[in-house]
Amino acid sequence: MRSGHPFARLFALCIVAGLTLAGMALPFVGGVGWFAGAATDSFNDLPSKLDAPPPQQRSQLLAADGTPIASFFNQDRAVVPLSQISPAMQHAIVAIEDSRFFQHGALDLQGTLRAAATDVSKGGAVQGGSTLTQQYVKNVLLYSEHDRGAVADSLTRKLREARYAIGVERRHTKREILNGYLNIVYFGEGAYGVEAAARRYFGVHARDLTVGQSALLAGLVQSPTTYDPLRHPAAAKARRDVVLTRMAQVHVLPVAEAARLRRTGLGLHPKLAPSGCAASAAPFFCDYVQQQLLDDPALGPTRAARQQRLFTGGLQIHTTLDPKVQRAAQHAVDRVVPRGSRAATAIAVVRPGDGAVLALAVDRGYGNNVQKHQTRVNLALGGQSGFQAGSTFKMFTLAAALQQHVPLSLTFAAPHQVHLHGFRGCGGRPLGSWSPKNAEDGEGGTFGLVRATWESVNTYFAKLEHKIGVCAPWRLATRTGITEILRGTPPAQVPAFTLGADDTSPLQVAGAYAMLAARGTFCAPYGVRSIGTVTGPLGAGHRSECRRVLPRRVADRTTSILRGVIDGPDPRRTGASASIGRPAAGKTGTTDSFAAAWFTGFTPQLAASVWVGDPRGGASHPLTNLRVNGRFYPHVYGADLPAAVWRATMRGALQGTKVAHFHGVARHITRDRTAGVHRTALPRTHRPAPPHHGPATAPQPATVPGRGHGHGHGPPHQH
């Protein structure tokens, strides 16, 4: 006979019952023959200690305020204590699966024989007869050994379950077993355990399940597919009503209440729980943190082991993300450079003095569907090989020059193009010659340090770098986290370093500028505050140790000058379009041949860097003849789209916060002493006012100022 035949099932169950009873009684009554003794010995020789490793659980990424960002799982499960599972759910599962659970031992011989007899009378398998403890054992064996034999309808399996069940009940209380069962059993629709099931079908926690909801879930465990309420609501309701009736029969629910609930609908409020970053509201921040975790040896010896830990270990990963800042950043990139444009934009926001990454946003969906403007390349981290940062790197040359006590009055003739020889790197290594240009023919003049910064004059900064050496700005950049994205090595020492000659990312540049807001203290950007599980903390995450890289006076003087880029008195300053109505400093950047455009700036509370470029590659797809949001751009400069993204982000992120002032930085920028020097490209009627030695407020220009220049310099000035 097949094992599925009702008489075969009765025979098997009787054998299990007899052997189990004999095994338990043998120490007291002795053997009754060779066969009984041998069978009993065989049963007792089976292992009784169930090795129950923790079940797979989903890991969660949490924002700084505790709100969920994303989940990672192979099995969607969140283990909760019995105190966090509603009493109604506990009553429902016991009533329908094992109503005598708290009265019998590991095995219910009375229930087993009754179930077998019922199966025979009905002509098929109607009742399983297994106790909740046996079902718990079966589920543990299934997930811990991936043993399909754990669900086979065989005598061997039943004997094995029975032996393990006896051992489990000797070591655990009934409540512990019930808790283990409710956390391991499958409820369908990808939901493992009652907490995941409560969220999947009703959008609530297990502690909040009502009687009707509990009855529905309890009915699912018999056959999650057959009774799936999302696909087979009529079958699910019929099964729920069976559970409600049974609850009334065993006196855990009033008969009238059971009748009333049977007349109600299912009340489903399904909530999907997709795994990974694609469903996150901050997918590129999620991607950033995921990569940090997969590179963290504390989570496992290999990348594969860390991946397994992340998707099965039930980690609670507390991150640095600030939801308010993230929303502001995402809104800014989506509004200024909407999806569908061939140009893309990305922004990174870092907290000065801490290094916490508060937001990463990209104006693309996270995914592989190019037609839907999706990408999995994290542009906020520099894409696959990094981006040239343009004139944002002039900050390093400016700060290094101030550290070497170069006076603000240092004047250079800065014609359209210069030819410079004898550049040297660290240790005096010769670096050759360089012939940089300003943005447009005819642009040039004589400048001092301040005005050359405000107007981002390439040839001035080339001469300044030639004077102080490439090593000083290069060393400052490396000490503030600038590396080549692809190789992770320090940037190259080349004469063009001051114009952003190396491949970097918005996150790296934001971290470097945050150093100025922190008055010379650099804190490497990090995204993970702490990692823990339900059993306790695993570690403190990736928080960096901060270190001083510039004296305060140098950082403050650099900030003072960079404030003038945004709010200074020079009408030709490149960053006027980034003004946010509160103290801020920053720098525009436009790379060679308009491959990309940048704006990086900071307030005392936040530092942010914005990149705009073509993801296909700026060299072959420059930001020229571009139409975005109905506006045509012959060339995109740092003060165009990047400054608009930066301004919108900062305004949204800082809305409602108290205005903070830079320490050690004058509120008003003093005019450059060389402001009145002749300049070949500036008509007399548009020259700045004569030298002014007192404080001056920043006038609002009547026309749009220069937009941040090509090669990091500005556009043709508007006359």
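A disulfide is taken here as a pair of cysteine sulfur atoms within 2.5 Å. The legends below describe a predicted model, which holds three disulfides.

**Figure 1. Disulfide pattern of the protein.** With the bonded cysteines counted along the chain, the disulfides follow the pattern 1-2, 3-4, 5-6. The pairs are Cys277 with Cys286, Cys426 with Cys471, and Cys523 with Cys546.

**Figure 2. Close-up of the disulfide between Cys277 and Cys286**. The S to S distance in this pair is 2.1 Å. The torsion about the S-S bond of Cys277 and Cys286 is about -75°, so this disulfide is left-handed. Cys277 and Cys286 are both buried.

**Figure 3. Close-up of the disulfide between Cys426 and Cys471**. The two sulfur atoms lie 1.9 Å apart. A torsion of about 90° about the S-S bond makes the disulfide of Cys426 and Cys471 right-handed. Cys426 is in the loop between strand 10 (420–424) and strand 11 (430–434), while Cys471 belongs to helix 18 (residues 471–479), so the pair ties together parts that are 45 residues apart in sequence. Cys471 has a relative accessibility of 11% and therefore counts as buried, the cut-off for buried being under 20%.

**Figure 4. Close-up of the disulfide between Cys523 and Cys546**. The sulfur atoms of Cys523 and Cys546 are 1.9 Å apart. The torsion about their S-S bond is about 115°, so the disulfide is right-handed. Cys523 lies in the loop between strand 14 (521–522) and strand 15, and Cys546 in the loop between strand 16 (536–539) and strand 17 (547–548); the pair therefore ties together parts that are 23 residues apart in sequence. Cys523, at 4% relative accessibility, counts as buried. Cys546, at 38% relative accessibility, counts as partly exposed.

**Figure 5. Strand 3 and its pairing with strand 1 and with strand 15**. Strand 1 (residues 59–62) pairs with strand 3 in the parallel sense over three bridges. The pairing of strand 3 with strand 15 (residues 528–533) is antiparallel and runs over four bridges.

Definitions and conventions: Residues are numbered from 1 along each chain as its sequence is written. This is a predicted model: local features need pLDDT of at least 70, side-chain atom pairs count only at pLDDT 80 or more; totals for chains, interfaces and linings use all residues. Side-chain values use heavy atoms; hydrogens and water are left out. Two strands pair if DSSP finds at least two bridges between them. Helices (H or I, at least four residues) and strands (E, at least two) are DSSP runs, numbered from the N terminus. Buried means under 20% relative accessible area, exposed over 50%, partly exposed in between (1.4 Å probe, protein chains only).
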